[in-house]
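Below is a short report on a two-chain model. The sequence and coordinates come first, and the notes follow.

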Amino acid sequence: MQKIFGRLQSRVLRSSTNGAAFIIRQESSSATPAPKFAATSKEFRARQVRFNIKNDHMQGRPLYLDAQATTPMDPRVLDAMMPFLTNLFGNPHSRTHAYGWETEQAVEKGREQIAQLIGADPKEIIFTSGATESNNIAVKGVARFYGTKKKHVITTQTEHKCVLDSCRALENEGYKVTYLPVQENGIVDLKQLEATITPETSLVSIMTVNNEIGVKQPVKEIGELCRARKVFFHTDAAQAVGKIPVDVNAMNIDLMSISGHKIYGPKGVGALYVRRRPRVRLEPIQSGGGQERGLRSGTVPAPLAVGIGAAAELARQEMDYDKKWVDFLSNRLLKRITSALPHVIRNGDPEQTYSGCLNLSFAYVEGESLLMALKDVALSSGSACTSASLEPSYVLRAIGTDEDLAHSSIRFGIGRFTTVEEVDYTADKCIKHVERLREMSPLWEMVQEGIDIKTIQWSQH
Amino acid sequence: MSTRRQAITLYRNLLREAEKLPSYNFRMYAARKIRDTFRANRTINDFEEIDRQVANAKQNLDLIRRQVIIGHLYTADKLVIEHKKTLRPDC
C-alpha cells in the first residue's frame, strides 16, 4: 500500500513539475520571473513529502508486541528440554527399558508441574497438541458422550474460533448450540446464562481471558452456577493460565484447556484438565494406543511435555513478579498513547481484564494502514488466526463496537520479556503515525470542523 | 568465604554472564530478574534459606552460561531499537 502511495505521489509530483515547466515556457516572453513557480513547486513538494514514509527505512528486526499470538520460549524452558531433544530420546510409553523409564519420569514431572499451577491432581491432566485440540476434545467429547440424553451446549459469541467451530460441527450433528451474546464490556451476563441453561444442557464453554480484548470472565461465578445446575463447565484458559491465578477446585471448573506456547513454553503442546471427582466422561476424538487415560491416544512428545511443565512451574513461581511488570508496562503504554492522542477507545472492560492484552481503537484511522506504517513493531489487529482477512474482528462486533472503530483496532500484547524501551518506542511510533494518518484523512478534517460523521448520509454511486 | 562475599561474587558473575546473552529481550529480562531477586532476598537471615538461594543462583549461572552458547549458535538480527542508537535520532 505504501508502494502505491509512493507511486501515486511521484506521479502527482511529476505532472506538477511538467505543468510548471509548461507555464514557465509560455510566460517566458512576459515579464513574470520564473523563480515564483519554482518556489510554489517546492512548497507543493514539501507538503506532499510530509506524509511520505517511504524513506523511513529502519534497520533491524521488528519489536515483538504480540504476546497473545505466541510468546518466545523462556531460556529456562529450553534448558529443561534440551536433554530430551538430544540424548534422552526414549518413548515415555516404553515400559521395558530404561530409555522409556527416564522419559516417562520426566513426562510425569511435567504433568505434576501443570497440575500444581492450576490446583489439580496430576492424574487429571492430559497432554494434547495445543489448546485447539484441548478445546475440540472437551467440547465435542463431552457433548457426544452425553448426547443421547442431553443435546444442548452453551457458549459465547466471543469464544476462540476453535470452540465456535467445534460447536458448529456439533450443530451439524443435530445438537442445539446457544451462542450467548456478551455485554458491551465483553463480559457474559450471568442472569442470561442461568436462563439459558435447560435440563437438556450438557456443557457450558466460556473462556477465562479473551484473546483479543483481554477481558476476564467471572469464571468462579459461572462455575458455581454450572455446579448448582449440574452442567459441566469447560473453560478455554489458554490466555489465562500462568498469568492470572486459576484454581480448578475453587472455581468449580470441570474441563480446562491450556496452551504451551502462550506461557513461554514450546509450541505444539497443550494440556486438558478433565475432572475426576465428580467424574467428567468424554468420547475421545482420536483412536489409538489408549495413552492419556484413553482420551488422547498417540505418543506423548516427551521434550514438549517437559517444556510445558517447566513453563508452568516458572509461571507459578513468577506470576506476581510478571504481573507487576506487565501491569506497569501496560499502564505506561496506555497513558503515553491516550495523553498524546484524542479519540482513542479501549475495547473491553477496563477493570476486569488481563493488562497484558491492550486492545485500542484509534478513531478515524484505518487499522491496517497503521499496522503497515508500524512495520518495525510486530502487532496485530486481532487474533492471529484471522489476521489474514480484512474483516473486522467478530469479537469486537460482539461487544457492539461500531464498524469503523472495529476496523481501526490494534492489539498490544505485553509479556514477561517486553522492555520499557520497547513500550516507549511503540507508543511514540504509534502516536506519530496516527497523527500522520489522521492529517491525511478527510474524515479527521471534518471532525476537526465539528461535523458529526455519524449524521452524514453517504450516497452510493 | 563468608556468605556475604559469596553472594556478591555470585551476583556479579550472574550479571556479567547475563550481559552476554545475544537476544535483547532475554538479556534485559535476565538483568532485571537477577537484580530484583538479589534485592528481594537481601534481608534473609535464615541460613538454610540462604544456602538454598545460593544453590539456586549457582544453577541459574550454569543455565545462563549454556544459554549464552546456544544463543550464539543461532543468532538473529538485532532489533530496531538496538540499531536505533546509531541511526538518526528523529525516527
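What percentage of the 91 residues of chain B count as buried? The figure is 33%. Buried means under 20% relative accessible area, exposed means over 50%, and partly exposed lies in between, with a 1.4 Å probe and protein chains only.

This is a predicted model, in which local features need pLDDT of at least 70, side-chain atom pairs count only at pLDDT 80 or more, and totals for chains, interfaces and linings use all residues, while side-chain values use heavy atoms, with hydrogens and water left out. Residues are numbered from 1 along each chain as its sequence is written, and chains are lettered from A and ligands numbered from 1 in the order in which they are written.

## Chain B

Chain B has four helices and zero strands. Its elements run α-α-α-α from the N terminus. Helices (H or I, at least four residues) and strands (E, at least two) are DSSP runs, numbered from the N terminus.

Confidence is given as pLDDT, the predictor's score for each residue from 0 to 100. The chain B average is 90, and 90% of the residues reach at least 70. Helix α2 (residues 24–40) of chain B has the highest confidence, at 96, and α4(B) the lowest, at a mean of 83. Residues 86–91 of chain B stay under 50. For that stretch the model has seven contacts beyond four places in sequence. A contact means heavy atoms within 4.5 Å.

UniProt, in an unreviewed entry, places a "coiled-coil region" at residues 40–67 of chain B. UniProt positions are given in the numbering used here, feature names are shortened, and annotations may be inferred rather than shown by experiment. In the model, residues 40–67 of chain B are 79% helix and 0% strand. The end C-alpha atoms of that span are 25 Å apart.

A nonpolar surface patch is formed by Ile69(B), Leu73(B) and Tyr74(B). Together they have about 400 Å² of accessible area. Patches are made of residues with over 30% relative accessible area and no salt bridge; like charges are joined within 9 Å, and nonpolar side chains (Val, Leu, Ile, Met, Phe, Trp, Tyr) within 5 Å. A salt bridge is a side-chain nitrogen of Lys or Arg within 4 Å of a carboxyl oxygen of Asp or Glu. Tyr74(B) sits in the loop between α3 (47–73) and α4 (80–84) of chain B. Tyr74(B) counts as exposed because its relative accessibility is 67%.

## The chains in figures

Accessible areas come from the Shrake-Rupley method with a 1.4 Å probe; for residues, only the protein chains shown count as cover.

| Chain | Accessible surface | Share from carbon and sulfur atoms |
|---|---|---|
| Chain A | about 21,400 Å² | 54% |
| Chain B | about 6,300 Å² | 52% |

Chain A has 14 helices and twelve strands. Of its 461 residues, 53% are buried. Take contacts between residues at least 6 apart in sequence: in chain A, 75% join residues at least 24 apart. In chain B, that share is 69%.

## Backbone details in chain A

Most residues other than glycine have a negative phi, and most peptide bonds are trans. Arg277(A) and Pro278(A) are joined by a cis peptide bond, with omega about -10°. Pro278(A) lies in the loop between β8 (270–274) and α9 (302–340) of chain A.

Arg293(A) is not a glycine, yet its phi is positive, at about 55°. Arg293(A) is in the loop between β8 and α9 of chain A. With a relative accessible area of 35%, Arg293(A) is partly exposed.

His343(A), not a glycine, also has a positive phi of about 55°. The loop between α9 and β9 (344–346) of chain A holds His343(A). His343(A) is partly exposed, at 38% relative accessible area.

Phe233(A) belongs to strand β6 (residues 232–236) of chain A. Phe233(A) counts as buried because its relative accessibility is 0%. Beyond neighbours within four places in sequence, its contacts include Val204(A), Ile206(A), Cys226(A) and Leu255(A). The C-alpha atoms of Phe233(A) and Met256(A) are 8.5 Å apart, across 23 residues of chain.

Asn136(A) is part of helix α5 (residues 131–145) of chain A. Its relative accessibility is 16%, so Asn136(A) counts as buried. Neighbours within four places aside, Asn136(A) contacts Gly141(A), Cys162(A), Ser166(A) and Ile285(A).
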